[in-house]
Amino acid sequence: MDFSLYLEFGPALLKGFTYTVYVCSLGLLLGLVWGLVLYLISLRPGALWRWFYRGYLATFRGTPLLVQVYLLFYGGPFIGLSLSAEFVGVLCLALYVAAYFAEIYRSGFESLAKGQLEAAQDLGMSRITTLVKIQLPQMLALIIPPCLNQTIIMVKESAILSVITVPEMTTAAVRMATQTFTVVEPYLFLALAYWCLNFAIAKVANYCELRATHYLRS
Amino acid sequence: MTQQTHADNTPRTAVELVKLRKRYDDNEVLKGIDLNILEGQVTCIIGGSGSGKSTLLRCINFLEVYQEGEVNVFGKTIGYGMDEQGNRELLPKSLVQQELSEVCMVFQQFNLWPHLSVLENVMAPLRWVKGVPLAQAKQRALELLTKVGMEHKAEAYPLSLSGGQQQRVAIARSLAKDPKIMLFDEPTSALDPELVGEVLKVMQELAQEGMTMVVVTHEMGFAAQVSDQVVFLAEGKIEEQGPPSKLFNAPSSPKLQSFLETWSSRNGAAA
Ligand SMILES: Nc1ncnc2c1ncn2[C@@H]1O[C@H](COP(=O)(O)OP(=O)(O)O)[C@@H](O)[C@H]1O
Ligand SMILES: [Mg+2]
């Protein structure tokens, strides 16, 4: 172990770390929203919508993220989509994780008693108010644990973005490895960094879950 | 149909059902219901389980879509309008909701929102439907909670309350809509026997204040005492209707007779 290597590559690794946080946060945010849209699409009557939803899930849950990333980045230009590696990275994470979020939302919404929604309708509440004030707050409590799991998986999967040279921390570590002909030092850093990140996510999510389920304990 | 004159003291028609028919797929649940409910009156609907009582109630506030006939609330047909060719067409939900702004329902399972406090539950229709400012909404909600005797639990969450308390809060929440017509679907059936009285008392007070009420109930004592009109439903049809004294003391339909006999033998004393 040569710890002095960290002095030289420290700034680059840290920059990669920040970029991983940035890409994952964006991917998570977009994924949460797009997942909700997908869920709403799944509710629409009509075969076309159902077909789209099922096809989407099959595509993004049935193929490796690595393949999705390669296809969009290298295949995109053939259909006139020349996107930057960073953009493809965020987009792929979001599209991929949204497929899982949509299904998590579905189970969350379905477990909410139907009577609560009838009461909202009966009292004249609009669909959107019902969603924001009645459904989402309760759903939150139910979906935080599975969403947390999925987010942790996504953060680990984000290492794959190094294959298209998104400047995140795996890319930085791989560069360090090739330049210094070392393996242990860069990958030890990666292991620690991913672990810290996921530890922090779990802490935040636990806190949110406690807040969201407050009403069940009072 | 009775003409709605305002000249004399004849109450106007609040709800009118005309040849109402409702099917679930092939299963016809309401088989042509004609019923008139006058403003300020209490109508109790009784009948065996599966006879269509809930469905009837839920057609009035359009929680269920009916297929034939009419539900008229203060003279306006609910749920359907006419297209340019004069054909009947289903109206969008938001429009139906507007037309039902004077009707609300109290459910057997209360259906309070568990993540909101008692006060927030009652404030919800004021804040999020009517757009009443916060301070005003809070004051009004507290008034309504006082009316049902639940102001001391304003900060509590529904799941920490007894069934009777939850139902009283649910009634306060319905009142926040400022309805002219209230529908009750077995409001005391999910309660422990000792909690039934507190809910019935609130309902009785509402009746005395002149609220138009349609109550599906198995509480024959309440029906006999409070209602102006009792309707006995059997297999999706009105088998018999009239004043409670007539229905309970001198039922003419054999089905109603056997229904009341079963009820008395189960409950010990007659209503
Ligand atoms: N959502 C539904 N889908 C299909 N059938 C239903 C539905 N709701 C009620 N029914 C049927 O309609 C009939 C009347 O039900 P309901 O109005 O709930 O009766 P009641 O309230 O008098 O017990 C029953 O046979 C029931 O099985
Ligand atoms: Mg019923």
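The model is predicted: local features need pLDDT of at least 70, side-chain atom pairs count only at pLDDT 80 or more, and totals for chains, interfaces and linings use all residues. Residues are numbered from 1 along each chain as its sequence is written, chains are lettered from A in the order in which they are written, and side-chain values use heavy atoms, with hydrogens and water left out.

**Overall form of chain B**

Chain B contains nine helices and twelve strands; these are DSSP runs numbered from the N terminus, helices being H or I of at least four residues and strands E of at least two.

Six strands of chain B form an open sheet with mixed pairing, in the order β8-β9-β10-β3-β11-β12; two strands pair if DSSP finds at least two bridges between them. Both β8(B) and β12(B) stand at the edges with a single partner strand each, so one side of each lacks a neighbour in the sheet. Strands β9(B) and β10(B) pair in the parallel sense over five bridges, and Phe184(B) has Val215(B) as its bridge partner in β10(B).

| Strand of chain B | Residues |
|---|---|
| β8(B) | 103-106 |
| β9(B) | 181-185 |
| β10(B) | 212-216 |
| β12(B) | 237-242 |

**The cores**

The largest nonpolar core has 55 residues, and Met203(B) and Phe184(B) are among those with the most contacts inside it. Such a core is a set of buried Ala, Val, Leu, Ile, Met, Phe, Trp, Tyr and Cys residues joined through side-chain atoms within 4.5 Å. Helix α6 (residues 193-208) of chain B gives the most to this core, with eight residues. Not counting residues up to four places away in sequence, Met203(B) touches residues including Phe184(B) and Val215(B); contact means heavy atoms within 4.5 Å. A second, separate core of 41 residues includes Ile37(B) and Leu233(B).

**A helix of chain A**

In helix α3 (residues 65-75) of chain A, Leu65(A), Gln68(A), Val69(A) and Phe73(A) are buried. They cover an arc of only 110° around the axis, which puts them on the same side of α3(A); the arc is that of the directions from the helix axis to the C-beta atoms.

Technical notes: Buried means under 20% relative accessible area, exposed over 50%, partly exposed in between (1.4 Å probe, protein chains only).
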